[in-house]
Amino acid sequence: MSFPVLPVILLAPLAAALVLVFVPKDEHKLIKSVAAIGTFVSMALSFYVYFGYDQTLGGLQYVIRHDWIQDLGVTFFLAVDGISLPMLLLTNLIGFSAIFASWNIGTRPREFFILLLVLITGVMGTFIAHDLFIFLLFYEVVVIPIYIMVVIWGSSKRVTKEYAAMKLTIYLLIGSGFLLVGVIALFTKSISILGAPDMSFSALAIAGSQLSAFDQKWLFALLLFGFGSLISMWPFHSWSPDGYAGAPTAVSMIHAGVLKKIGGYGLIKVAVVTLPVGAHFWAPWMAVLGIAGVAYAAFGALAQKDLKYVVGYSSVSHMGYVMIAVACLDVIGLNGAVANMFAHGVMAALFFSMIGFIYEKTHTRWIPDMGGLAHQTPKLAVGFMMAAMASLGLPGLISFMPEFTIFVSAFDNYGGLAVIGIAGIIITALYVLRAGANTLFGPPRTEYDHLEDIKGVELVPLVVLGTVLVVGGLLPSLLFDMINSGVVPLHAEISNVLQLGGNL
């Protein structure tokens, strides 16, 4: 039997969390070291799986499948393909970096890192689960640690952390409620088609393709609302900026970096693949909502004075591009959607880690209270500006090719309407450059002369995530070739169903 690498990747952070239960609460350095080791194991093995994946063969690889609840057709089904692998790697890059972005936490560190490790495990599980019941199970695991971490370790100037935590949780649960209704309805209808209960993605895709056009349309609407709420689709987005602002740095990194990507990933891997006729029907509306989200959130970011709110609204805007790309329903658009999720995840996580260090050192995120910080903290300024340049799509950094790919597909499919979304990059440049200029540049302020630059373990997020930003920009084929190996067969399945149904 081959080495069960996916269960090891999944359980390494959970094992570290279990070890932390028995570590004395005053052993702060040991607590952080155990958490770092657990996430490093998952990250290292994720690289092993990523570069060991056979792209020429494609399909599901590193498969682990065991029956679990036979009466419901539930199997413990773990596997990766060209779409899920980038998301798995992204989760562990950010998870490992988040440990070091939280290295200086002094309040109840043992509980903090236990919850953080459980959160990372839940997010990972959603990306490698290929049974819909297991997918939902891992998703629900994610919600509880986030609420607790925001309430205990969060901070916000505009709203209370309790308000931010409650708002975030309620929106996530509302979205998951609609998602659950859609899943139950889909599963119930699939039994009569398949002849037996089966909740694997592949079986539900077979059943879904045989549903009537009417059933596909209303079921897809439920899944779109559920996954769309998670991806912060306009107008169901307001939980996201408040959630970012109220969360501690590590949670903001994971929230922006990978939690939202569960929505985009589920929209592609579950909703679109299973209900292609429904996806084709709702695609123009998805594009409109995506374009509205890009424009609205970009202007929202332009009006913010809190650094976390700037990046929070920016993330909503960038997820609008993902919605537009998915709505294109072609190979170029779906490639761009997955690649943009990966690129934005790295960029946003680096952004929030640098903002976290700024807040830790200056005790403020209020832009008018800052200025000239690059004089005292040049390394921190480098990390901040790398994330900023990636956010506005600078060529040579990881975001350029995904955004360019999305723009090509959007213009091809929606013409002039897509120009509105594309114009969002102009507003992005305005708020990103203004935030950087007002925070980092200008004459030094004497009240910050005592500040120390990031050093030692604090440099880990900059080194890890900054390296990915640059390598992904200079060698985009490392990402796109992998994604394309998953998107091409997926698109072929969608096209076949639409052709048979006369919907092309």
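The second largest cavity is lined by Y321, I324, I406, F407, A410, A418, G421 and I422. A cavity here is a set of points, on a 1 Å grid over the protein atoms alone, where a 1.4 Å probe fits but cannot get out, and lining residues have an atom within 4 Å of a point. The elements giving two or more residues to this lining are α12, α16 (400-414) and α17 (416-422). Helices are DSSP runs (H or I, at least four residues), numbered from the N terminus. By class, the lining of the second largest cavity has seven nonpolar, one polar and no charged residues. Ala, Val, Leu, Ile, Met, Phe, Trp, Tyr, Cys and Pro count as nonpolar, Asp, Glu, Lys and Arg as charged, and the others, Gly among them, as polar.

The model is predicted: local features need pLDDT of at least 70, side-chain atom pairs count only at pLDDT 80 or more, and totals for chains, interfaces and linings use all residues. Residues are numbered from 1 along each chain as its sequence is written, and side-chain values use heavy atoms, with hydrogens and water left out.

The structure holds two cavities of 30 Å³ or more. I231, S232, M233, W234, L289, G290, G293, V316, M319, G320 and M323 line the largest cavity. To this lining, α11 (276-302) and α12 (307-328) each supply at least two residues, and α12 gives the most, with four. The lining of the largest cavity divides into seven nonpolar, four polar and no charged residues.

| Helix pair | Angle between axes | Distance between axes |
|---|---|---|
| α12 and α16 | about 50 degrees | 9 Å |
| α8 (213-230) and α10 (249-274) | roughly 170 degrees | within 7 Å |
| α3 (84-101) and α4 (109-128) | about 170 degrees | 9 Å |

Axes are lines fitted to C-alpha atoms, for helices over the stretch in contact, and angles run from 0 to 180 degrees between N-to-C directions. Angles under 35 degrees count as roughly parallel, over 145 as roughly antiparallel, 65 to 115 as roughly perpendicular and the rest as oblique.

With an angle of about 50 degrees, α12 is oblique to α16. The crossing of α12 and α16 is left-handed, meaning that the near helix is turned anticlockwise from the far one by less than a right angle. H318, Y321, I324, A325, A327 and C328 of α12 make the contact (heavy atoms within 4.5 Å) with E403, I406, F407, S409, A410, N413 and Y414 of α16. Nine nonpolar, three polar and one charged residues form this contact.

The axes of α8 and α10 cross at roughly 170 degrees, so α8 is roughly antiparallel to α10. This crossing is left-handed as well. From α8, the residues Q216, F220, L223, L224, F227 and L230 meet L259, K260, I262, G263, G266, L267, V270, A271, V272 and T274 in α10. The contact of α8 with α10 has eleven nonpolar, four polar and one charged residues.

For α3 and α4, the angle is about 170 degrees, so α3 is roughly antiparallel to α4. S84, M87, L88, T91, N92, G95, A98 and I99 in α3 meet F113, L116, I120, V123, M124, F127 and I128 in α4. This contact has eleven nonpolar, four polar and no charged residues.

Key
1 Å grid on protein atoms, 1.4 Å probe; cavity = no way out; pocket = protein on both sides within 12 Å on 5 of 7 lines; lining within 4 Å. Points joined across faces, edges and corners; volume = space filled by probe spheres on them.
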